[in-house]
Amino acid sequence: MCGIAGIINLKDGIPPSRNELEGMIHAVHHRGPDGYGFYYHDKLGLAHARLSIIDLIGGDQPIHNEDQSVQVVFNGEIFNYLELRAQLQKKGHRFYTHSDTEVIVHLYEEHEEEFVNHLNGQFAIALWDSKKQKLLLARDRAGIRPLFTIETGGRLYFASEVKSLFSHPAIPREINLTALQEVFTFWTTLPPHSLFESVEILPPGHLMVINKGEKRLSRYWDWSFPNEQIDNHKSVTEWSEELRALMVDSVRLQLRSDVPVGAYLSGGLDSSVLTSLIKNFTDTPLRTFSIGFEEEEFDESGFQKDLVDYLGTKHTHVLCKRSDIGAAFPKVISHTESAIVRTAPTPLMLLSGAVREAGYKVVLTGEGADEVFGGYDIFKEAKVRRFWSHAPDSHWRPMILQRLYPYLKHSPTASGAFTKRFFQQGMEHIDKPYFAHIPRWSTTQRILQFFSDEARAAVPHPVEYAAINRLLPDEINSWKPLNRDQYIEANTLLSGYLLSSQGDRVAMANSIEGRFPFLDHRVIEFAATLPCRYKIMGLNEKYMLKHTMQGLIPESIRNRSKQPYRAPDSQSFFVDGKPLEYVDYLFSEERIRKSGYYNPKTVSMLMKKCARGKALGFADNMAFVGILSSMLVDEMIIEKNAIEPYNRHQSS
Amino acid sequence: MSSEAKIRNYILENYLFTDDESALDSADSFLDKGILDSTGILEVIYFLEDEFEIKVEDTEMVPENLDSVNNIVSFIERKRQ
C-alpha cells in the first residue's frame, strides 16, 4: 500500500521537475512512510511513497521491465501475483524483484491495455510505456484504491489524494457546489466529480490512456447481473459449497503478505465470516481489532466478545467516546477530503491507529458483503415497498415496514401511521432503477435547505435523483429489482463513501492497508448469479452467506439481524450544551458568511437545536455533520491548504 | 402565547430553521410539504408531551392529529377536554 503521484505534459512544455514531484509525494507521506521513489522522462514524472508489505527489501518503486522501457508506480496489492509471475516466467519474462508490482509491467508487455483484466487485486496504477509514449492510469474494479486527476496548463496531474494535487502551486482550489449537492443527496459525489472544481476521480473499473496529448477513458469491468428472465437452478447446497470454496480462496489470497495480517471484528456477520475462515482454513495466526461505544444503541461489544471467545483470538478493543469523535473529526476530514454526512469514519480512524500501535500494517475487513450478498435494510425496505405497491390500499402490507429497524432508538417506523405516509413517498417512481434509494436521498437532501442564496444562484439546476442515470448501464431495467438496488449501492455508497471516506482514507491516515475479501471480483461475479431469493429470503438478509457459514460461526451471530455500523453524530460536538471551540468558530456567522455556501441564520438555528440535544432524527444530524465537514474542508483545504490536520490556533 | 403560536414557532424554528412566519401556513401538511421526515414526527411528539403536558398514545400517532399546525391544535384541544 502506498501513495502515487505524477505529472504528464499533454503539450510541449517544461519537463516535470524533481521539486514538483517531491512536493506532491510528500503530501501523501502517511500512505507510504517507508520510502520514496521517482522516475523522470522529458514529458513525464512519476513518484511513489512506499508502505512495505510484500518484498520488503526489493520492492522499491518505480519498477520496470527487462529493458526499462515500461515503468510503473502503483498503490495497492495484486493478490494473484504468484500465479501471474509463474505464468509470465514460463513465457520468458525475467524478474528482478519478488514484489507483486513487477507482474504489472510484464503483464502489460503481454497484453497491453488488457493487462488489468488479469489482475485480482485492489489497485491504482500509473504505467508508462516510453516506446509508445503512452501513460496508463488504472483503478481496481470496486474502487478500493483512490486516484484523482486534474488537467490544467497543458498538463495532467494525478495522485492518490487531492492534497497531493493541491500541494502543486499550479492547481486551483475551489469546492464544486454541484458536487457538494451530490454528497448531500447520494452521500458521495458522482464520478468523475470530486468535491473540488476540475479535480476528477478516475472511476472504479476504469482505465485512462494518455497518448500524444489525448486522453481516452474506458471501462474494463462493471458490476453486472443476469437478465430478469434467467434463473439458475442449482440447489442451495450446490450454491453454498461453491461459495464456501470461493470465499476460502479469496481469504487465502488476501492473506498473502510479508508482514502479519490482522482482521477487524465488528460483531456482525461479515467480519465473523472472515475471521472464522482465517481460523478454520488457513494457518495464519488470528489477531483481531474492534471498536465499541458507550451508547448501547451503537455498541456491539457483546457480540464481539462472543466471537473472540468462540475463536480464541488475540484481541484489541477500542472504546470510542463522543468526545473522541469530536476531537478527531478535523483530522478525519483532512483525510476524507470530502464532506460527509455521518461521523462513522472517525471511530474507524481511531481503530486503524490501534492496529498501527499493535505493530500491524494490514487488516482484513468485511466491507462489500452487504452489497454483494444483499444485506442492507434499504434492500429489504424496497422489497416491502414494492410488495405494497401491488396493493396500494392494503392496510397490512406496509405494516411489515415496522419490522425493519428494531435497532434504532428513534426509528422511522416508530411513528405509527406516519410510517406509512413516509414510505409512501416516491411510490410514483416504482419503475425507476433508483426506486429503493428515494427515501434515503430525500432525507439527505434536506441539507440543501441550508444553502445560501448565493450558493443556490451559483447552481441554477439543483441536483436531481435522475443525475444518477449517467452512471447506470442501459440494461439495468432488465435486471431484477434487488439487482438494480445492489448496482446503485455499489456504485454510490460503496465506492464513494464506504471504501473511501470510511475505508482507504481513514485506514491510510494511520498507514494501515485494508483488504476486502468480499470484493474479490470472482466473489462479486459469482454472487451476481445467485437467485435473489437466496440473497434475501423473506426478510432474512444475506441468507446464502449465513447458510454457507453454518457450523463455522456462533449461532448467536448467524441468527442476529443486521445492525448497521453507526456512531454518535451531532452530540459528539457539544459538551454540556456548548459546542467545541473549532465548531463554534466554523459555525459563527462571520465564518459561514465568508465561505458563502450556507445561510448563517438557518445554520445558527440548527446549531442551537443540536446544542439543546433535540436533534434526534437522521435529517438534522446529517445536516449538522454535512455542514461541519464541508466547513472543515473549506478551512483546512481551500483556505489554508494544510496537509496537517486543522489546528484551531492557526485560525485565530 | 396561544397554542397555535407555540406550535408554529416550534415548527418554524426546528424544521424550517427560520423566523419568517410566511414560510409556514397552519394548514400545510408536514409530510406533503417535506417539512418533517418520519423521525421528525417523534421529536414533535416529545415537544407536545413536554409543552402541553399530554400523553400521545400510539393509536393517536396519525396524520389526522399531527400532520399540520391546525391538526395539532385541534388534537390538543380534544386532549384537554
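In this predicted model, helix 6 (residues 236-254) of chain A and helix 7 (residues 269-281) of chain A have axes that come within 10 Å and cross at roughly 85°. An angle from 65 to 115 degrees counts as roughly perpendicular, so helix 6 of chain A and helix 7 of chain A are roughly perpendicular to each other. On the helix 6 side, the contact is made by A:Met247, A:Val248 and A:Val251, and on the helix 7 side by A:Leu274, A:Leu277, A:Ile278 and A:Phe281. Sorted by class, the residues where helix 6 of chain A touches helix 7 of chain A come out as seven nonpolar, with no polar and no charged ones.

The crossing of helix 12 of chain A and helix 16 of chain A is right-handed. Helix 12 of chain A puts in A:Ile378, A:Phe379, A:Ala382 and A:Arg386, which meet A:Pro481, A:Leu482 and A:Asp485 of helix 16 of chain A.

Zooming out to domains, the assignment for chain A gives domain 1 (2-219), domain 2 (222-416 + 472-568) and domain 3 (570-651). Between domain 1 of chain A and domain 3 of chain A, the C-alpha centres lie 35 Å apart. These two domains do touch, with nine residues from domain 1 of chain A and eight residues from domain 3 of chain A taking part. On the domain 1 side of this contact, helix 4 (162-166) and helix 5 (177-186) of chain A each supply at least two residues. The side of domain 1 of chain A that touches domain 3 of chain A holds six nonpolar, no polar and three charged residues.

Then there is the contact between the chains, which takes 22 residues from chain A and 16 residues from chain B. Within chain A, the elements giving two or more residues to the side that touches chain B are helix 13 (417-424), helix 23 (600-611) and helix 24 (618-639). Helix 13 of chain A gives the most to that side, with five residues.

How values were computed: Residues numbered from 1 in each chain as written. Chains lettered and ligands numbered in written order. Predicted model: local features only at pLDDT ≥ 70, side-chain atom pairs only at ≥ 80, totals over all residues. Axes fitted to C-alpha atoms, helices over the stretch in contact; angles between N-to-C directions. Helix = DSSP H or I, 4+ residues; strand = E, 2+ residues; numbered from the N terminus. Parallel < 35°, antiparallel > 145°, perpendicular 65-115°, else oblique. Contact = placed C-beta atoms within 7 Å. Nonpolar A, V, L, I, M, F, W, Y, C, P; charged D, E, K, R; others polar. Left-handed = near helix turned anticlockwise from the far one by under 90°. Domains from an automatic or database assignment.
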